[in-house]
Amino acid sequence: ATFTIADLERAARQHLPFVMIVADDERWGIVESGQVPRYGEPLNCLLGPIDFAGVARSLGCLGARVETSDELRQALCQALVERTPTLIHAPICGGIPAVEESV
């Protein structure tokens with residue numbers, strides 16, 4: 001979501017009804033997955049906490065943060081009946097299973 005966050009404002013302005021679910025592990029995972037095998041560690045791709053739901057609301061969209069699968073189901077059902085872009089922020093655990101070290 002951090003690569004295209006400004007697109008939310010344009011979507012709100014154009015009244016485009018869609019739902020975006022951000023599975024947030026506080027990193028640019030696709031960048032990290034290429035860096036860890038090559039350099040042994042992620043380089044400048046750890047983001048830290050971002051309030052994606054708040055950012056979405058500030059750009060004219062609906063925004064919700066969910067912590068459980070029930071909250072996700074409820075937010076998704078509500079978002080599907082709205083006629084405006086909606087972002088659902090779902091924090092997840094990070095990590096790249098394919099390159100994690102064995103214990």
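Glu 26 is partly exposed, with a relative accessible area of 34%; here buried means under 20% relative accessible area, exposed over 50% and partly exposed in between, using a 1.4 Å probe and protein chains only. This is a predicted model, in which local features need pLDDT of at least 70 and side-chain atom pairs count only at pLDDT 80 or more, while totals for chains, interfaces and linings use all residues. Residues are numbered from 1 along each chain as its sequence is written, and side-chain values use heavy atoms, with hydrogens and water left out.

Glu 26 has a positive phi without being a glycine, and so does Asn 44. Helices (H or I, at least four residues) and strands (E, at least two) are DSSP runs, numbered from the N terminus.

Now for the inside. Which residues form the largest nonpolar core? Leu 8, Ala 12, Val 22, Phe 52, Ala 56, Cys 61 and Leu 87 make up this set of seven. A nonpolar core is a set of buried Ala, Val, Leu, Ile, Met, Phe, Trp, Tyr and Cys residues joined through side-chain atoms within 4.5 Å. Helix H1 (7-13) and H3 each supply at least two residues of this core. Apart from it lies another core of five residues, including Val 66, Ala 79, Ile 88 and Ala 90.

Leaving aside neighbours within four places in sequence, Leu 87 is in contact with Met 20, Ala 53, Leu 62, Gly 63 and Ala 64, among others; contact means heavy atoms within 4.5 Å.
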